[in-house]
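Me: Please take a close look at one part of this structure, the interface, and describe in a connected account how it is built.

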Amino acid sequence: MVVLYSFATPGPTGRVEWTFTLDNYIRLFGETLYVNASLRSIWVGLLTTLICLIIGYPLALFIVRQPARWRAALLFLILIPFWTNFLVRTYAWMIILSNNGVINTMLQSIGLPRQILYPSEGAVLIGLIYGELPFMVLPLYAALDRFDFTLMEAASDLGANRWRAFLRVMLPLSLPGIVAGSVLVFIPTVGQFVVSDLLGGAKVDYLGNLLQRLFTRSNPPNWPLGSAMAIVFMAILTIVILLYYRTTLEERR
Amino acid sequence: MIELSQTQPGRAVAPVGRSNAGSALLGFHSLLMYLFLYAPIVVLVVFSFTTDSFGVRWTGFTLQWYERLFADNRLMGAAMNTLTVALISTLVATTIGTMLALAMERYRFRMRGGLEALLYLPIVIPEIVMALALLAFFAFSFGIIDALTGSRPTMGLGTVIISHIAFTISFVVVVVRTSLKGFDMRLEEAAQDLGANEWNTFRHITLPLILPGIIGGALLGFTISLDDFIITFFTTGPGVSLLPVEVYGQVKRAITPKINALSTIMLLLSISLVFLSQFLQRRR
């Protein structure tokens, strides 16, 4: 099946007219609409990855330090939301953030004015972090599970304070987990269109939304341009992943 | 699958620091994270029973949204379609996936590395790219069929099923291969020494032993197929409605308690499938 997939990836030539052209690529890099949407997607992807890492690392650390019996259960609790429908989970945030929703009701009950929480960019970010957090925690857990905690004691015996011991010993040794988690979070985030459509109100364009429009909604659909975009997207992802692995390999040396 | 219970003998579970404040902070942070993960799910379930017609506030208990949901022919038809797609694609993907896993675990053949990379591709690449590739593939091959036979097939349940098979196979292979890792090949040799032919060996020795892995893979494939939105969205055709696509369309317009009720049922279904597959995998 995947052989068929790679065989079917359309090139820059049009679906309707099979004449060779580079115009699609020129348009992609020339029009601000496409450049901006791509940059925005990459930015949001990086931001989501970073926040997931910052909030996911302590969580993974906490789980690793629990007794073995609890560890399995705590990890399983992280897995459950990850197997439930993404659409449903995004929808749950629409309910929470809506004008008369839970958060606004709480705000009002303590005498604060209502906020328009959704649709907004912030809501998109929350939805993305919520959806991707398990992908960050699981690899981090796997990496920290292999970490020998007596090394931390050794470091402090040698005079390092806790923060320094963390930075110089634990963080570098858990780097494979950090890289794996970051790649797992970053890739789906850059290509998503559901969260920005539902929680962002489709007001701002992301790469995924443009792709979806070019293939299905715009009248008439522009498949060649969409295909060119998908190929550029894959190329960017490949470069990012390669860079990631390259830097981590070098840091290890 | 992630191995949940890997205990390493001899590993010191020494606490990182001596300060209790640090540990408490870590625990508090984790509590918040679990709240963050589960609050939306709880909210969704609770608000499927509210009398509030916008479905975002608690105004009293009712079961009317569930009644209305089951009376909604459009949504029920979409649910049936989704179940059909999930069942057929799981059956096919599990059969092919198991065969692939067996071949890859046992034999060294040319292009094995290439096949492995190709198999894991659907798991790694963004779903939207996979969906667009499938869409392009269908359009392209339908064009050829049209040119050859003069009639053009249409997108619909058939194309959705083919797409679901294509991307669930990878997940099935991963799970079945994990269960094959601990398989003792000498059992097969013993059976053949005792006079069993290849088919009988497979039927009576191999299959029963790897069955938990196969069922685990099938359940995973089923869950993924049921929950998939993006690939379904791109490969379905006009007039064919599938549950996730239908939900997406309704949710884009407004929040309705009927969708809260539907989401609750979908959540319950996914969660029970996860529990079932975990249970089966642990028994091996």
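Reply: Between chain B and chain A there is one salt bridge (a side-chain nitrogen of Lys or Arg within 4 Å of a carboxyl oxygen of Asp or Glu). The model is predicted, so local features need pLDDT of at least 70 and side-chain atom pairs pLDDT 80 or more, whereas totals for chains, interfaces and linings use all residues. Residues are numbered from 1 along each chain as its sequence is written, chains are lettered from A and ligands numbered from 1 in the order written, and side-chain values use heavy atoms, without hydrogens and water.

The salt bridge joins the side chains of Lys252(B) and Asp197(A), at 3.0 Å from N to O. Ten residue pairs, both at pLDDT 80 or more, are in polar contact across the interface of chain B and chain A (N or O atoms within 3.5 Å, one able to donate a hydrogen and the other to accept it; residues adjacent in sequence count only through side-chain atoms on both sides).

On the side of chain B that touches chain A, at least two residues each come from α1 (20-46), α4 (112-124), α5 (127-149), α6 (157-181), α8, α9 (230-235), α10 (243-253) and α11 (257-283) (helices being DSSP runs of H or I, at least four residues, numbered from the N terminus). α1(B) gives the largest share, 15 residues. By class, this side of chain B holds 54 nonpolar, 17 polar and seven charged residues (charged: Asp, Glu, Lys and Arg; nonpolar: Ala, Val, Leu, Ile, Met, Phe, Trp, Tyr, Cys and Pro; polar: the others, Gly among them).

In total, 78 residues of chain B are in contact with 76 residues of chain A (heavy atoms within 4.5 Å). About 7,300 Å² is buried between chain B and chain A, and carbon and sulfur atoms give 77% of this area (the accessible area, 1.4 Å probe, that two parts lose on being put together, summed over both).
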